[in-house]
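Have a go at each one before you read its solution.

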Amino acid sequence: MKETAPYAVTEPVSRGRQHTELPPCERGEFQRDRDRIIHSTAFRRLEYKTQVFVNHEGDHFRTRLTHSLEVAQLSRSIACALRLNEELVEAVALAHDLGHTPFGHAGQDELNACMEAFGGFEHNLQSLRIVDVLEERYAAFDGLNLMFETREGILKHCSLDNARALGELGRRFIEGTRPSLEAQVVNLADEMAYSNHDVDDGLRSGLLSFEQLDTVPIFAQCRCEAEARWPGLAERRLVHEIVRRMVNVLALDLIAQTRANIAQSGVKAPDDVRAAPRLAEYSEEMRLRLRELKTFLSGNLYQHEQVLRMTGKVRRIIADLFAAYMDDPGLLPQQHQVRAQSGADAGKARTIADYIAGMTDRYALKEHRRLHGKSEANDLRTSDLP
């Protein structure tokens with residue numbers, strides 16, 4: 001890794017870990033964070049958690065795991081160009097989706113509805129809860145005991161009430177300051193990755209067509225360039241060429257605009273970054289192009305009738321599981337039973353939410369069948385899919 005810029009996060013200026021540990025041998029503190037995340041149970045489960053499509057819909061659609069790897073790759077490339085801490089951005093990128101429920105945003109929305117009377121459910125907070133509390137791998141502490149800046153990067157959004165409960169970690173949401181540049185880069189790389197791979201998956205599934213996407217300027221421009229360079233290219237390769245160009249256009253614009261923002265702001269240290277306006281950003285024109293793409297995906301992919309049909313079924317599965325466990329915590333595994341039965345309803349509900357959020361798509365389907373026999377889970381077949 002090249003020498004970092006003065007405004008990048010480094011170990012000497014880090015706010016450290018919640019629990020004191022001996023320094024690692026032959027690796028840095030943020031490398032240790034990355035390694036702990038990769039070896040966590042929650043990270044392994046991402047292989048069987050949905051992005052847009054339910055896990056068994058096809059072997060080639062993105063999962064939370066492949067998405068996290070793509071975000072990590074993009075983040076490191078951008079961080080390298082900006083001379084930021086590459087190990088930190090990689091750790092944040094690999095951990096940012098640990099708290100996602102099964103069945104993608106539909107599962108999260110339904111679990112949040114189930115938890116409305118008990119403080120709600122938000123996947124960013126759940127990711128933090130996993131690395132701070134729920135992982136049980138070390139004798140000396142709960143969670144993974146990650147560095148402050150890694151935990152800060154995981155927490156992209158937070159209500160004021162939750163921010164107050166988080167102490168130092170939540171202060172920036174109260175004071176209106178920014179996280180590190182590394183965290184800002186991961187946030188935008190996440191958006192860049194899912195917007196572009198949803199185009200790829202949408203075309204692969206047949207829910208989107210070239211003709212529809214040609215109404216999106218950034219897609220049309222990149223398609224024109226690809227076809228001019230490779231006339232007569234087979235459709236599958238053409239899709240890859242277009243998406244690759246879209247990612248490249250966005251990444252180069254982000255790097256150039258962020259460099260300009262850094263130079264204009266005059267930041268010299270990580271704390272300067274926190275006090276400055278957001279520095280990692282696209283140009284105004286590219287923000288418009290990305291907004292057009294996201295609006296198109298919202299209306300044509302995420303709201304597609306076949307996606308919505310599946311969404312309704314998986315939401316009922318989450319609701320059924322939550323209701324069954326609330327009614328009889330004895331249906332939970334032993335360790336969760338103890339937690340659920342040791343407190344008031346809010347504590348029981350949070351334990352159940354932790355358990356459901358930790359499920360993979362296929363385990364949630366299996367558990368629903370166990371509790372309800374023939375049910376919505378039995379109807380989730382590929383006949384529902386394009």
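F219 is buried, at 0% relative accessible area (buried means under 20%, exposed over 50%, partly exposed in between, with a 1.4 Å probe and protein chains only). This is a predicted model, where local features need pLDDT of at least 70, side-chain atom pairs count only at pLDDT 80 or more, and totals for chains, interfaces and linings use all residues. Residues are numbered from 1 along each chain as its sequence is written, and side-chain values use heavy atoms, leaving out hydrogens and water.

**Exercise 1.** Classify the ring pair Y325 and Y355: stacked, tilted or edge-to-face?

*Solution.* 
- Start with the rule: Phe, Tyr and Trp rings (for Trp, the six-membered one) pair if their centres lie within 6.5 Å; planes under 30 degrees apart are stacked, over 60 edge-to-face, the rest tilted.
- The Y325 and Y355 centres are 5.6 Å apart with planes at 65°, so call this pair edge-to-face.
- Y325 belongs to helix 16 (residues 305–327) and Y355 to helix 18, so the pair links parts 30 residues apart in sequence (helices are DSSP runs of H or I, at least four residues, numbered from the N terminus).
- Now check burial: Y325 is buried at 0% relative accessibility, and Y355 is buried at 9%.

**Exercise 2.** Which ring does the charged end of R229 sit over?

*Solution.* 
- The test needs NZ of Lys or CZ of Arg within 6 Å of the ring centre and within 35 degrees of the ring normal.
- R229 has its charged end over the ring of W230, 4.0 Å from the centre.
- Likewise, the charged end of R36 sits over the Y138 ring, 4.7 Å from its centre.

Definitions and conventions
Helices (H or I, at least four residues) and strands (E, at least two) are DSSP runs, numbered from the N terminus.
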